[in-house]
Structures are given as C-alpha cells and as structure tokens.
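Dear colleague,

Please find below the structure for your review, together with its sequence.

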Amino acid sequence: MNKALRQHRLRKCLSDAHFPVLLSTLAQQFQVSEKTIRRDLETFVNDYNAPWFISDNKIYLDKARQDLIELQDHWFSRQEVESLFALNHIIEQLSPGALKSQLEPFKQRIQGLLVSEESGQNLGSKIKLLEIADRQVEPNIFQGVIQALAENRQMQIAFWNRYKDETLLRTISPQRLIRYKDNWIIDAYCHHRKAIRSFSLEAIESLELLNHAAKNIPENDMQAHFQSSYGIYAGKANQQALIKFSPYISRWLQYENWHPEQIGHWSIDQSYQLQIPYNKDEELIQDILKYGQHAEVLEPPELRDKIQQTLKKAMKVYSGSGFVPDE
C-alpha cells in the first residue's frame, strides 16, 4: 500500500473511530511501524488541521476542536467554511477580466473542497448567498483599484459625494479593499484631507493610476481608526449608544454582532439592551430604524432625538405631505 492510499484510509479510519485508539492497533492494521503512524498523524494535524493528538501511545479526539467540519480530508471551523462559500460566490459574481482569470485557480481549489467525496455533489450549489442591496461596480473601476493595490500606487479618483450630490476629485493612497454588507469599499489615505477615508467603489466615476508610490498607513493605525467605532463610518469612538430591543425581536438580536466592543444584557422585562461605541451616526441610525417599533434608543439624547425626527419625517411622507428634504 503506497503512502497516499495509506494516509487516506487512515484518515477515514480515525474519522469513524471511537477514541482513544491504540497506535499499535493501527500499526498492525496498516502493516507499518508505530513511528509511521505518528508521522502520518503529525501530517494530518499540521497540514490538514485534524482534531487529534497522541498521548501515552494512544490517539485521542481533541474535544476543544471536535466541532471542526471535514471537507475533502481538511478540517475547517464554521467561520472558515462560511468563508469558503462566500469566496466561491464572490469569484462567481466577478465580471470577466484579469482579476477573475487570476482567481480561477483558487476557485477550482475551493470548488474541489466543496465537492462531497462520497456523493460527488457540489455543496456550493446547495448554498445560495443573496445580495439584496448589492450595488454594481464598473469592471474597469474594480480592475483599476486592484492594480493600484497590487502595484502600491496612488490613484486620482472622481467620485460622487452622495451627501452633497456633487462629484469631487481626490488623490488617494489605497490601503485595502473591503466587502461590507454586500458592497465594495476601498479604505485609503486621502491626500486632500490628510486622513484615512473610505470610498464606495460604485460611487467612483473614473480613476487614474499615478506614478507615485502609495503612502502606507501602519496596520495599527488602520485598526485603531476602523475598529474603535461603529460600522464603516469609522473614526475614534466618542459616544456610546444604548438601544433597547423588545422581548420579541431580542430572540434574534441577542446573537447579532454589531461591534467588537458591544455590551449586551437582559433586562428584567425580558428586553435586551445593547451598548455600542460609535462616532458618526448615519449607519447606526439606519440599522436601528430597520427594527421599527421593536427598538428604542435610550442614550444619548442627541441620537434619540435624531431617531424621533426621522420617524416624524417618515410619518409626513405617509400622511401625503411628500418627501421631507434633509437639512
């Protein structure tokens, strides 16, 4: 029996085993030495993330990692499996071009992992990711951003500022591309503002790659800017929102992660209160309003007032007064 076949059968044997399993038993079953079985197990753990370990000449199941999911002799966490499905979906959705061609080998490897060895069925075809609010990005814009990142070059972009309803010209040093809530965003250093900013790709009307090296922002500075505050409207958090959710919607809300530093707790009336650090409140307001009568802002008073004013404007629309312009 060659090495590849032995290791394949050994993995199957251990996947179906009742632990612990004696090394001597496996060595006798596969007609090799115990040292060979040890080396095989080291390969499984180090190269394929298998949830096993050896102690006292026995193989045990690592209970702390027993929930790993096996796909094609590789073991993944739930989050890693979700990422595989997401990556497969994103590559499928890319427009034809250089980037999609470059990612094709990765797509083939991902799809190879998602094919069931027993049935031959593609698990990727059984899971559908719906992008309800996906905003389309022009292929040349996407390609230009990727090229700028790959070559570490500055870009000059013309982008539509939705708040001011005007097109602005900016020189930026792209730092990283973000997929956030089904849309693409480039985090960059803005040479005009001399600060870190985020630009939605679908709002970029044109771009030009410049022959200047991009200004690189230390990762610690990027993390501090984007993780200290709520959502993509980042910046150093200077306020805390306290939101109360009804007992009904709390059944779902308790499992949602709005922010890495959020604090949630149950109230005596079975409602759920969530405390979230934030800087700008536009996105936070949108996420609160989607819960309608099931969410109430308790703090700060300024945020509570903005929610009230937004709801009053909505009532005017439904009373026949028409749209109320934003101030």
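Arg-176 is partly exposed, with a relative accessible area of 22%. Please note that the model is a predicted one. The side chain of Arg-176 forms a salt bridge with Glu-219, at 3.3 Å between the closest N and O atoms. Because Arg-176 belongs to strand S7 and Glu-219 to helix H7 (residues 219–227), this pair ties together parts that are 43 residues apart in sequence. Glu-219 is likewise partly exposed, at 43% relative accessibility.

In the whole structure, 8 salt bridges were found. One of them joins Arg-6 and Asp-40, at 2.8 Å from N to O. Arg-6 lies in helix H1 (residues 3–15) and Asp-40 in helix H3 (residues 34–48), so the bridge connects parts that are 34 residues apart in sequence. Both partners are buried: Arg-6 has a relative accessible area of 10%, and Asp-40 has 2%.

A further salt bridge pairs Arg-153 with Glu-151, with the closest N and O atoms 2.6 Å apart. Here Arg-153 is buried at 19% relative accessibility, whereas Glu-151 is partly exposed at 41%.

As for the cysteines, the structure contains 0 disulfides. Cys-13 is partly exposed, with a relative accessible area of 25%, while Cys-190 is buried at 1%.

With kind regards

Note on methods:
Residues are numbered from 1 along each chain as its sequence is written. This is a predicted model: local features need pLDDT of at least 70, side-chain atom pairs count only at pLDDT 80 or more; totals for chains, interfaces and linings use all residues. Side-chain values use heavy atoms; hydrogens and water are left out. A disulfide is a pair of cysteine sulfur atoms within 2.5 Å. Buried means under 20% relative accessible area, exposed over 50%, partly exposed in between (1.4 Å probe, protein chains only). A salt bridge is a side-chain nitrogen of Lys or Arg within 4 Å of a carboxyl oxygen of Asp or Glu. Helices (H or I, at least four residues) and strands (E, at least two) are DSSP runs, numbered from the N terminus.
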